Amino acid sequence: MTAYAPTSETYPGVWGIVEVDEPDVVQETLAVAGLPLIQEPVASTVDQAQGYYLYSPNLGVWRHGLSKHELTARQPAATFLPSVHNFVVNLERSKSQHQHRQLVRTNAPGNITVLGKTYASQSDALRAALIQTRSLGNVIRILALRATASSLLEAARGEDFETGFRSRLSAKVERFVAHHGEQAVKSLVAAVVANSSDPDVVVEVLTTLGQIVSPDTKQQRRQSLVASLNDNRAQVRRGALIGLSHLDDSSVIADVKRVIDAEKIRWVKSIAIALWEQLAPKNV
Amino acid sequence: MTTLMRILRKPSRWPGDEDLSWVPTGEIPADPLSCLLADNNAWSVYQVDDNRERVNRVIAALAAGRETEAIAEYLIFDSALVDQAGIPIETTPGQTPDNEVNLWHLDISHMTASRLARLATLLVLNCEPKPCLGKEVTRLIANSVVQGYIPAERVRYGGTSRTKLEIEIAQRRSGNPN
């Protein structure tokens with residue numbers, strides 16, 4: 001995911017542009033935040049924007065049409081932020097104006113227009129934009145968490161996992177959830193659902209979500225693991241069952257029973273049966 | 001013929017519901033081989049002879065070497081499959097903290113790549129992993145500790161897993177196992 005510098009007044013109320021791999025996720029996120037979707041045709045956006053490019057639900061099309069590299073080639077003056085994640089993290093840390101300016105000073109300066117006003121530096125432009133569209137900042141935070149979750153999974157590809165031994169990934173997942181709470185859990189599970197390549201990584205994340213000892217996120221972790229039981233990949237369902245076995249919460253017993261009834265892969269079904277026995281031993 | 005047991009190291013590579021229509025009849029995809037890798041050209045297995053108590057003892061003995069409570073997924077299979085793959089079996093002492101379990105240890109030795117592939121094919125086509133969930137694994141370790149099969153200090157569990165184990169052990173010693 002990449003964040004682009006602020007848009008012009010052509011698109012009032014929007015200052016940031018986020019390119020993502022999953023347009024559906026963005027739409028859902030905007031809907032949760034109560035923000036309207038901007039249904040701009042991709043081609044006209046590219047033609048009209050003044051070096052900066054607007055997020056729109058048509059990003060799927062845009063992504064195929066124009067890469068970041070191609071955008072830069074068309075508009076050499078365009079300035080790109082390092083990443084949404086770095087920006088948000090640094091912004092959260094920046095309690096004083098001084099720190100805030102120090103952060104953005106690392107980027108190339110330029111004349112940036114936000115909602116009709118031109119600013120000489122990115123820091124001024126971003127600050128002005130943030131004040132006016134704080135809710136979009138929340139959206140970008142959510143998107144940044146999702147990007148971070150995806151990058152955690154991506155970085156773990158090839159890690160040598162062994163059952164019963166703490167992995168680097170599980171330590172990172174624990175820290176991520178500790179810092180960002182329920183939204184981190186949602187982001188991780190969204191990343192797991194989108195991750196189609198490495199079953200070891202998927203299972204490690206879901207197992208870790210069950211192992212985390214934190215009442216603050218327990219409900220969200222339980223909900224996310226239960227939702228993962230519906231995944232169409234056996235390894236995701238297996239990981240969710242293992243995660244739930246660590247959570248050891250008898251409130252999910254009906255969901256486990258549903259898996260037992262529906263599961264076609266026998267060795268996954270046997271995990272569900274073992275979990276059912278763990279959660280309801282006295283009812284057997 | 002005897003019944004053998006092996007705990008899988010990477011069970012997430014066992015075939016699930018992915019499309020395997022491209023795999024020729026009688027063959028298996030390559031991914032499950034990573035569940036079944038050899039170490040020093042051999043495979044550690046335990047002779048359990050359809051005895052549930054032995055299976056539990058082996059799980060406890062092997063899981064005692066883990067850092068955290070975790071599921072144990074294992075295969076139970078007939079030694080005839082090993083014979084069919086043309087691989088010799090040797091009796092060698094195990095390395096677990098349970099001395100009796102070590103006597104049940106066997107090495108499927110002289111494993112070559114082609115022998116491993118033959119054995120893996122036979123196992124994937126004839127067996128399925130069986131689970132023992134983490135909580136139950138901890139109970140089995142606690143049981144082995146209380147029974148004196150495994151010295152408590154040789155269990156590597158740390159952190160919350162260690163705490164859970166110690167609670168289980170205390171409950172058993174007080175005569176109130178969960």
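This is a predicted model: local features need pLDDT of at least 70, side-chain atom pairs count only at pLDDT 80 or more; totals for chains, interfaces and linings use all residues.
**Entry 1**

I then noted the two pairings of S2(B). Strand S2, residues 43–47, is joined to S5, residues 105–108, by 4 bridges, and the two strands run antiparallel. Strand S1, residues 3–7, is joined to S2 by 2 bridges, again antiparallel.

Next I followed B:Met5 to its other neighbour. In S3(B), the partner of B:Met5 is B:Ile76. S1(B) and S3(B), the latter covering residues 72–78, run antiparallel and are joined by 5 bridges.

From S3(B) I went on to S6(B). The two pair in the antiparallel sense, over 3 bridges. One of the residue pairs here is B:Tyr74 with B:Lys130, the latter lying in S6(B).

What is the order of the strands in the whole sheet? I traced it as S4-S5-S2-S1-S3-S6 in chain B, an open sheet of 6 strands with antiparallel pairing. S4 (89–91) and S6 are the edge strands, each pairing on one side only. On average, neighbouring strands are turned by 35° against each other, direction ignored.

**Entry 1. Two loop residues of chain B with positive phi**

Most residues other than glycine have a negative phi. B:Asp49 has a phi near 50°, a positive value, and is not a glycine. B:Asp49 sits in the loop between S2 and helix H1 (52–63) of chain B. I counted 13 other C-beta atoms within 10 Å of B:Asp49, so the residue is classed as partly exposed.

B:His110 also has a positive phi, about 50°, without being a glycine. B:His110 lies in the loop between S5 and helix H4 (113–126) of chain B. Is B:His110 buried, exposed or partly exposed? B:His110 has 14 C-beta neighbours inside 10 Å and therefore counts as partly exposed.

**Entry 2. Where chain B touches chain A**

I listed the contacts between the chains. On the chain B side 22 residues take part, and they are in contact with 26 residues of chain A. Which elements of chain B give two or more residues to this side? They are strand S6 (130–132) and helix H5 (134–146). H5(B) gives the largest share, 3 residues. I sorted the chain B side by residue type and got 7 nonpolar, 5 polar and 10 charged.

**Entry 3. Chain A overall**

I took the totals for chain A. Its secondary structure comes to 14 helices and 4 strands. The chain has 284 residues, of which 41% count as buried. Of the contacts in chain A between residues at least 6 apart in sequence, 64% join residues at least 24 apart.

**Entry 4. Helices H13 and H14 of chain A**

I looked at how H13(A), residues 253–262, lies against H14(A), residues 266–279. Their axes come within 9 Å and cross at roughly 150°. An angle over 145 degrees counts as roughly antiparallel, so H13(A) and H14(A) are placed in that class. The crossing is left-handed.

Which residues of H13(A) meet H14(A)? I found A:Ile253, A:Val256, A:Lys257, A:Val259 and A:Ile260. On the H14(A) side they meet A:Lys269, A:Ala272, A:Ile273, A:Leu275, A:Trp276 and A:Leu279. By type, this contact divides into 9 nonpolar, no polar and 2 charged residues.

**Entry 5. A:Asp160**

Last, I checked one loop residue of chain A. A:Asp160 is in the loop between helix H8 (134–156) and helix H9 (168–194). I counted 10 other C-beta atoms within 10 Å, so A:Asp160 is exposed. The C-alpha atoms of A:Asp160 and A:Val201 are separated by 9.6 Å, with the two residues 41 apart along the chain.

Technical notes:
Residues are numbered from 1 along each chain as its sequence is written. Chains are lettered from A and ligands numbered from 1 in the order in which they are written. Two residues are in contact if their C-beta atoms, placed from the backbone, lie within 7 Å. Ala, Val, Leu, Ile, Met, Phe, Trp, Tyr, Cys and Pro count as nonpolar, Asp, Glu, Lys and Arg as charged, and the others, Gly among them, as polar. A residue is buried if 20 or more other C-beta atoms lie within 10 Å of its own, exposed if 12 or fewer, and partly exposed in between; C-beta atoms are placed from the backbone. Two strands pair if DSSP finds at least two bridges between them. Axes are lines fitted to C-alpha atoms, for helices over the stretch in contact, and angles run from 0 to 180 degrees between N-to-C directions. Angles under 35 degrees count as roughly parallel, over 145 as roughly antiparallel, 65 to 115 as roughly perpendicular and the rest as oblique. A crossing is left-handed if the near helix is turned anticlockwise from the far one by less than a right angle, and right-handed if clockwise.
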